[in-house]
Amino acid sequence: MIRQTFSIRVNGELRTLEAYPMERLLDVLRDDLGLTGTKEGCGEGECGACSVLINGDLVNSCLVPIAQANGTEIVTIEGVADGERLHPAQQAFLECGGAQCGMCTPGMIVATVHLLKKHSQPNTEQIREGLNGNLCRCTGYMRIFEAVEKAAELGRLR
Amino acid sequence: MRKERIVGTPVLRKEGMAKVRGAARYIDDIALSGMIYGATVRSSIPRGRILKIEFGEGIPWDEFTIVGAKDIPGENVIALINKDWPCLASEFVNHPEEPIVLLAHPDRHLLPRAVAAVHIEYEPLPSVHSIEESERGDAIVWGEDNVFKKFLINKGDVDAAWEHADFIVEGEYTTGAQEHLYIENNGVIAVYAADEGLTIWGSMQCPFYVHKSLVSLTGLPEDRVRIIQVETGGAFGGKEDYPSMIGAHAALLAMKSGRAVKIMYDRMEDMVATTKRHPSRTRIRTAVTKDGKLLAADIDFALDGGAYSTLSSTVLSRGTIHAGGPYCWPNIRVRSKAFATNCPPHGAFRGFGAPQSLFAIERHMVRVAQAIGLRPDELRRKNFLRQGLTTSTGQEIREPVDLNHLLSRALTLSDYHAKRERFDRKNAGARKKKGIGFAAFLHGSGFTGSGERNLKSVAAMDATADGKLRVLVSSTEFGQGTNTILCQIAAEALGVDYDAVEMAQPDTSVVPNTGPTVASRTTMIVGKLVHSAALGLKQTLQTSGLLGESWTTKEFCEAAREHVAKYGALRSNSRYEAPPDVYWDDEKYRGEAYPAFAWAVYVAEVTVDMITYGVTVDDFVAVQEVGHVLNPVLATGQIEGGVAQGIGYALYEKVEWQRGRMANGQMTNYIIPTTQDIPPIRVCFEELPFAHGAYGAKGIGELPMDGPAPAILNAVSHATGADFNSIPLMPEDICLRLRQAVSVGAVAV
Amino acid sequence: MRSCPAEYDFVSPGSLAGVLDLLHREPGEWLPVAGGTEVMVQYSAGRLGARRLVNLWDVAELRRISETPETLTIGGGCTFAQLREHASIRKHFPLLAQAASWTGGIANQNRATIAGNIVNASPAADSPPALLAYEAEVELISARGSRRMPYADFHLGYKRTALAQGELLVAIHLQKRFAGWFSYGQKTGARNAQAIAKVCIAGVGRLLGDRVDALHIGIGAVAPTPLRLRRTERALLGSPLTEEAVAIARQILSSEIAPIDDIRSSAEYRRCVAANLLEDLLRSFAASRLPE
């Protein structure tokens, strides 16, 4: 197979690249585009460390061939903040201790952004479900739930 | 206690901004120019002799760097405590996934096929796969008798106690292996140049452990081996010893190829090939009066250590010392052994032997209470350790710890008595039975006995030329808060803002050896050294006249900058000195086992679904005494995270062994709790400041691992009326049991 | 990642006709891939046998959900996220919406497709029991034309389906005739999210007086394929749901299913829990009877 040309809009910026169609979106983001914030935790779509948004939908980028992401809008952790200004989710994760080792954090924050778009003031059940595909081994999730609630509150005040 | 400005407050995580931005750089985020990739060819059998290694068709082998045992310049061993852990198997293999051949190539994608194309022929040898098989000596796979290590603790006269007993209660309790499942797999990059020597970057807990192992492996001088820890995505003990192995592999490939080499494990390799928590079997026999006074315990504690001894002796040690729980035993004997079996060596995992033996004693106490007819809390209250009493090693408790109060607080917060009574009333015939149970426990902070004295840890603080204040320690951050806590301590001691203090990257050519980041010692012991180093730095500045009676942060940093400009450097070292009253006999295993204990009572409320036999933890209360909380958000997060791992240990995480190989080495089949599985966890701290710990702190990192499993099983047993004594407790086990008769092993004498 | 991307062909005809034409012209050559939640896992693990893949993700025709007053048609390429959020599916086929919400986690639901899930033919898939209970029909299409069959006839054996060479599962057809029926769905897995079912069951039914007038029960993870429990249903039809009837139903169920020991669970557990779930279903069914 030969490399093909793909165009994706990543964090608002149009990127064109040559890749094999079956390269995983995760690897294209990390290796070709240097966006190493998105992590590989399992390669099987179980841990959510590779979570990104494709056209606003939360997906595990380790399971997406770049060919299927062609022409889409992708948001990674690097695109969550508004330049220097942290997204409420990021600010909340910082203040509430939502990140310990930080490996699950990019995916967890992207999932939080996705959740808050669907439910701007989520209840406990919605928070738990919204993050159910993002595994954390460090926090026991409590600080993360608090961070999501705080993010919702910060978002409301903005 | 004088007012604290920074210590005791929830300052933000030092490296938190980078983490929430996705800017923190872990080892797989780093690439060096000209870097190639390494992979490992591993044993497919549990034990045997290697007869032939063939490199198959279809792979351009001439493009590969290939390393075998014969390429090792120094000793073919990963030196830890003993020297029995081969870096690469040469003639024999002793566990599935044992590393045999290393390959490196520029194309990362070619490596899996190359690994699959290496064909190894073995002559299989008999292997053992359980404590029982090893103990029986079905095959001798290590040493003379398969025993890595044994200990004996003897207090009082156990044998004489039986005749005074009103009840003799026996039980057997087992725990399974547990996989760390840090979200970041093991990974390293190694570079070798003849003039500079060897440099290794990696995900790790203990740069100086890796340094020591690589020095003996390569035969290089100590100052020609440099180990640098980079951002590490979780460890829990799983990166205490293993980085020395993967580091050695990358080093060998780097030395042979002349290129930078990265080895990054994927999830399956990390799960099947690296260390896990030691499985255990504990047999307890106790003598007790009808009033509930514990008279004696005879405890047989056994661990499955895997194929090589690695850290088994120290895990066994801690498990042995904790086997009596938080109780005063007038007479107690603990006989413990770590056995060799043919699976990858087991290693450090948060708790380090204590979760295993504490599980047993806390299950056993419920059994004892049942036998006598006392409530579980009544039995505990009659036997708790307190000031003036001694532990199983004869260590006198010198602080006014009040376990009765901790118990009362935990039971009140969890509404234990009312719930217990309500559940008892409503459970008959219910589709969902409810139960509530608790566990009382202790955890020794810091190294055992003379461990800290032997380490002779050194911490330092310095200032850079532009006045930045740095903490120089080999203690590593892997989520638990090292960076934050140590900077808080330094800033507090110096009288400057938290933001003025930085952590130097743990680089063995830059930082002193402050010991490994293990054993819940970092805040307590290293923190104290950082505190002293900070005071020394401040004193130097004051003595030099550059700093007055009081100062702003800006003034302090300016003074530091001036000192460096004038005198070339500003640095203060602090070396560990053991407190005067610490006495420990390594032979008899008697004396002051730990500088301090943290104490806790945890309560778990569960629902057992009688249709699916699934257990849900509905509510969890964690009350602990920890000396002093230096950062409430971090400390709470440590407890909650440990409780979640404990819940996994009890109910979800099962390693499926097939002749020494983990058959469920994928996240889809090794189950940890998701956001929809964890209950609300309520955390409460009490404080009895520990004089020798930084700002009164004791260690808390491992404590939360000890309580959840016994509390949960106590709750499940309450809910179902059936005795469950083995973890992980799966719905399949509950289903099987509830369809059989229930028996209790108590004998009233 | 244990596969080499350079070794894989991946083409995107972009239309249903284009895909079918390719499958027709080069039979046995191309593996269709939609959301990739199964194929990409195998690929990452180095276990994907196929080397040539044809993209279904960009075939818009496969994503449609259409309805008439009596029927609902779900395109094979619909994701589980679409299914669980669709108002008509939630209203008329709540067990299917529920099963969709149980499949994987949120991110996987955004990619996994109903046809992909069915054609992958895991006996433990979450949706098949609901599809069996609702007596769904599947529509299979190839360059030669299309055909329909009861979904109950689609699975022939373990990982073997009626899908012929060159065919795609293009749509699932459902009849909106279960308004007011009793419905029950349960899944038991290793945890509350992202869990493969150890047993999953879905049932719909109708009482006439105190007698069972209709009863459809689908069950997964206890046989080589998802199962419609016809013998169990037959034993209950026309009779009241007495204690004795429930006990007999448990026994017949036990003989209808064939659970195994595997990496996730045991045959004994599955057998026991399947019977318990059936009993719970029947008790709930009995309790659903409106007072006269």
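**Figure 1. Arg659(B) in the loop between β25 (657-658) and β26 (661-662) of chain B.** In this predicted model, local features need pLDDT of at least 70 and side-chain atom pairs count only at pLDDT 80 or more, whereas totals for chains, interfaces and linings use all residues. Residues are numbered from 1 along each chain as its sequence is written, and chains are lettered from A and ligands numbered from 1 in the order in which they are written. Strands (E, at least two residues) and helices (H or I, at least four) are DSSP runs, numbered from the N terminus. Although Arg659(B) is not a glycine, its phi is positive, at about 50 degrees. With 13 other C-beta atoms within 10 Å, Arg659(B) is partly exposed; a residue is buried if 20 or more other C-beta atoms, placed from the backbone, lie within 10 Å of its own, exposed if 12 or fewer, and partly exposed in between.

**Figure 2. Tyr141(A) in the loop between α5 (124-130) and α6 (142-157) of chain A.** Tyr141(A), a residue other than glycine, has a positive phi near 75 degrees. Tyr141(A) counts as buried because 27 C-beta neighbours lie inside 10 Å.

**Figure 3. The cis peptide bond between Ile727(B) and Pro728(B).** Omega of this bond is about 5 degrees. Pro728(B) belongs to the loop between β28 (726-727) and α19 (731-738) of chain B.

**Figure 4. The open antiparallel sheet β4-β2-β6 of chain B.** Three strands make up the sheet; two strands pair if DSSP finds at least two bridges between them. β4 (92-93) and β6 (118-124) of chain B are the edge strands, each with a single partner, so one side of each has no neighbour in the sheet. Strand β2 (residues 48-55) of chain B is joined to β6(B) by seven bridges. Within this pairing, Glu54(B) has His119(B) of β6(B) as its bridge partner.

**Figure 5. The contact between domain 1 and domain 3 of chain B.** Domain 1 (16-24 + 451-575) and domain 3 (352-444 + 595-748) are among the domains assigned in chain B, with bounds from an automatic or database domain assignment. Their centres, taken over C-alpha atoms, are separated by 37 Å. Domain 1 gives 13 residues to the contact and domain 3 gives 18, two residues being in contact if their C-beta atoms, placed from the backbone, lie within 7 Å. On the side of domain 1, α14 (482-494) and α15 (522-543) of chain B are the elements that give two or more residues. The largest share of that side, five residues, comes from α15(B).
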